[in-house]
Amino acid sequence: MSDISQFTEDDKEILIEIMNMGFGAACAELAEALNTFITISVPKVSMGNGEDITEFANENLLVNDELSIVEQGFWGNWNGTAYLGIPSELVAEMLNIMGFDEKEKKVGDLEDEERTMIFAQVSSLLINSCINKISDIFNEENTFSAPHILLDKVTEFSDEVFDEDEEMIMAEARFSLNNDAIGGSLFITYNQDSFGWLRSAIDTFVEENL
Amino acid sequence: MEIKKILVIDDSAVARKMLIRVVPNKEEYEFIQAGGGKEGLELYQKEKPDLVFLDLTMPEMDGFQCLEVMMKFDPNAKVIINSADAQKEAKERVLALGALKVQDKPPSEESMVSMLGWLEDNV
């Protein structure tokens, strides 16, 4: 079954808690890398078509300034995409920990090679860690595509990102550091072609944990 | 310490169920549940539980704030943190605030048995 109607509000609560566990583990890795404390938001989950998901993503995208949105696909029994909204200030923090001196650099000022390296670093810390933790909970394994910059210097997701005819489930969580001065958002999707697997995975989770 | 009444504070009903499920011999305990920090504090004052399991990431009043207020109200409160926030600094903060131990989510039967055994022997 690939219909979103098979998922209930209880299923949504389970996916929120699973996202909470995955994101908590991922932020611990980022906090260690940055040697700072990260404040973590309570995750949210939305289910709907591309239009619904675009609206949900934009409502929850943490925007203080222009940001870049990194996209990374993953596949296995669970197919989906992760989107990471990264503000310029966080890139500067990453530059700092990676040994660059130019802490004031903005996203748009960086060379392509630098940008790719920074986003790959942030991505490996947050996206891979979060997905891997969630996959562990579901007893699954995923393969990842290389992360790339999907949107640059934007303040929202454009209408073209999500296919309006496809249903999907999206989980989001936000993080902030330096007393909430800098923050970002992580979104992950469960694609429609994984709904059959997800139904079964949630049922197994309930049986084993609730 | 003798444990009879346990208060579980977590905004997620799923997380509360997961935690209670792994408590051994659960019929020996009375469980009280709160869906947030403020409700948890109210129930703590009203019910005076022997043990509290407290989540950290919650809306409105988070676990750090809840713990701080609870320890001021009752410096002898016995609080175990049950959280997905695995940051070292988060653990250090709650221990400094007075929590006895930190348990990572999801809790397992083994970790819960070990935790309760430690409480019996050391608190």
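Trainee: Where does Asn35(A) lie?

Mentor: In this predicted model, Asn35(A) sits in the loop between H1 and S1 of chain A. Its phi is near 55°, a positive value in a residue other than glycine.

Trainee: What makes Asn35(A) count as exposed?

Mentor: The cut-off for exposed is over 50% relative accessible area. Asn35(A) has 72%, so the label exposed applies to Asn35(A).

Trainee: And Glu60(B), is that residue buried or exposed?

Mentor: Its relative accessibility is 76%. Exposed starts over 50%, therefore Glu60(B) counts as exposed. Glu60(B) is in the loop between S3 and H3 of chain B, and its phi is positive, about 60°, although Glu60(B) is not a glycine.

Trainee: Why is Asn142(A) called buried?

Mentor: Buried requires under 20% relative accessible area. Asn142(A) has 13%, so Asn142(A) is buried. Its place is the loop between helix H4 (112-137) and strand S5 (143-144) of chain A.

Trainee: How do you know that the side chain of Asn142(A) makes a polar contact with Trp78(A)?

Mentor: A pair of N or O atoms has to be within 3.5 Å. The backbone oxygen of Trp78(A) is 2.9 Å from a polar atom of the Asn142(A) side chain, and the backbone oxygen of Trp75(A) is 3.3 Å from a polar atom of that side chain. Both distances are within the 3.5 Å limit. Leaving aside neighbours within four places in sequence, the contacts of Asn142(A) include Phe74(A), Ile131(A) and Ser135(A).

Trainee: Which residue caps the N-terminal end of H3(B)?

Mentor: Asp62(B) does: one of its side-chain oxygens lies 3.0 Å from the backbone nitrogen of Phe64(B).

Trainee: Which residues of helix H3 of chain B are buried?

Mentor: The buried residues of H3(B), which covers residues 63-73, are Gly63(B), Phe64(B), Cys66(B), Leu67(B), Met70(B) and Met71(B). They span an arc of only 160° around the axis, so they lie on the same side of H3(B). Residues three or four places apart in an α-helix point the same way, because there are 3.6 residues a turn.

Trainee: What do the buried residues of H3(B) pack against?

Mentor: Their partners in chain B are strand S1 (5-9), helix H2 (37-47), strand S3 (51-54), strand S4 (79-83) and helix H4 (88-97).

Trainee: What makes the pair Lys105(B) and Glu17(A) a salt bridge?

Mentor: The rule asks for a side-chain nitrogen of Lys or Arg within 4 Å of a carboxyl oxygen of Asp or Glu. Here the closest N and O atoms are 2.9 Å apart, so the pair qualifies. Across the interface of chain A and chain B the rule finds 1 salt bridge. The peptide bond from Lys105(B) to Pro106(B) is cis, with omega near -5°.

Trainee: How many residues are in contact between chain A and chain B?

Mentor: On chain A there are 22 residues in contact with 20 residues of chain B. The two chains bury about 1,700 Å² between them, 65% of it on carbon and sulfur atoms. Glu17(A), Phe37(A) and Leu210(A) supply 36% of the area that chain A buries against chain B, more than any other three residues.

Conventions: Residues numbered from 1 in each chain as written. Chains lettered and ligands numbered in written order. Predicted model: local features only at pLDDT ≥ 70, side-chain atom pairs only at ≥ 80, totals over all residues. Heavy atoms only, no water. Contact = heavy atoms within 4.5 Å. Buried area = accessible area lost by both parts, 1.4 Å probe. Buried < 20%, exposed > 50% of the residue type's maximum accessible area, 1.4 Å probe, protein only. Helix = DSSP H or I, 4+ residues; strand = E, 2+ residues; numbered from the N terminus. Arc of directions from axis to C-beta. Polar contact = N/O pair within 3.5 Å; in protein donor to acceptor, adjacent residues only side chain to side chain.
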